[in-house]
Amino acid sequence: MPITSSSQSFSSFVNGWLIRHRYFVEQLTCASLLTLEEQQSLVTQFLSHCLQYYQEKSSAVSLAGDNVFTFFCPPWFTSYARLILWVGDFKPSLVFKLTDSSVGDLTRDQRDRISSLRSETRRRERDVMRDFALAQQSVADPPVMLAARRVGARGMVDGEELDLEEAMEALKRGMARAMNKADELRCSTVGKVVEILTPSQAVKVLRTIGELHLRLRELVGLERDHE
């Protein structure tokens with residue numbers, strides 16, 4: 001699929017974002033040497049840094065037009081990462097697995113709050129997938145499929161081309177909405193988990209999340225893909 005100017009611009013943004021991201025991960029790795037106030041400041045800066053990524057992505061998706069589909073198999077991810085994506089990025093509930101593996105000193109109250117948040121997140125993931133499925137259903141209706149099969153064959157009859165175009169436009173709008181909802185859920189889930197944690201615990205979780213972002217988007221991996 002050709003890369004549009006929108007996705008090209010976002011891909012260029014990602015290259016610079018990754019440089020800053022790597023710096024933040026290094027800071028999070030050394031954060032045990034910081035005071036609690038300094039750790040909290042670093043957590044806030046890192047969350048703002050991640051939010052910037054999704055804000056830029058949302059703008060790019062809104063301008064993508066015919067090639068919004070590029071963002072569901074993005075060229076700025078490694079080939080391996082593209083195999084495990086959920087609506088174009090990491091699955092929100094993955095944050096809970098990363099928290100479990102990163103923090104071993106959660107209090108009973110923290111565990112209860114995280115458990116409740118986990119249930120809420122999984123429910124919202126199902127909502128996103130339902131919207132995603134409904135968007136794809138717009139091009140699976142029998143009249144649209146019949147018109148699509150006629151493309152390149154004997155041609156479409158009167159009105160079928162318009163039906164197909166309208167269905168594709170509905171698909172693109174629906175998929176863009178689903179992606180924006182998924183990205184919103186990704187951001188809000190991380191933010192809510194951090195609110196439950198102490199600064200030192202949040203540093204550990206965000207370092208793990210930051211390392212995951214690097215593995216999914218590592219420039220070295222992308223260079224190997226191009227080779």
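1. In which helix is Tyr 80 found? Tyr 80 sits in helix H3, residues 79-83. Helices here are DSSP runs of H or I with at least four residues, strands are E runs of at least two, and numbering starts at the N terminus. Tyr 80 counts as exposed because its relative accessibility is 56%. The cut-offs are under 20% relative accessible area for buried, over 50% for exposed, and partly exposed in between, with a 1.4 Å probe and protein chains only.

2. On provenance: this is a predicted model, where local features need pLDDT of at least 70, side-chain atom pairs count only at pLDDT 80 or more, and totals for chains, interfaces and linings use all residues. Residues are numbered from 1 along each chain as its sequence is written, and side-chain values use heavy atoms, leaving out hydrogens and water.

3. The fold has 9 helices and 0 strands. Buried residues are 44% of the 227 in the protein. Of contacts (heavy atoms within 4.5 Å) with a separation of 6 or more, 79% join residues 24 or more positions apart.

4. The largest nonpolar core holds 58 residues, and Phe 10, Tyr 53, Phe 71 and Leu 206 touch the most other members. Such a core is a set of buried Ala, Val, Leu, Ile, Met, Phe, Trp, Tyr and Cys residues joined through side-chain atoms within 4.5 Å. Helices supplying at least two residues each include H1 (5-29), H2 (36-62) and H8 (199-217). H7 gives the largest share, 10 residues.

5. Leu 206 touches Leu 28, Val 43, Phe 46, Leu 47, Val 190 and Val 194, with residues up to four places away in sequence not counted. Two of these, Val 43 and Phe 46, are among the buried residues of H2. Tyr 53 is also on that buried list.

6. H2 has 27 residues and spans 39 Å from first C-alpha to last, close to the 39 Å expected at 1.5 Å a residue. The expected span is 1.5 Å times one less than the number of residues.

7. Thr 189 lies in H7. It is buried, because its relative accessibility is 1%. Leaving aside neighbours within four places in sequence, Thr 189 contacts Pro 92, Val 95, Phe 96, Leu 117 and Thr 121.

8. Check Val 87, in the loop between H3 and H4. Its phi is near 50 degrees, a positive value in a residue other than glycine. Most residues other than glycine have a negative phi. Val 87 counts as buried, because its relative accessibility is 6%.
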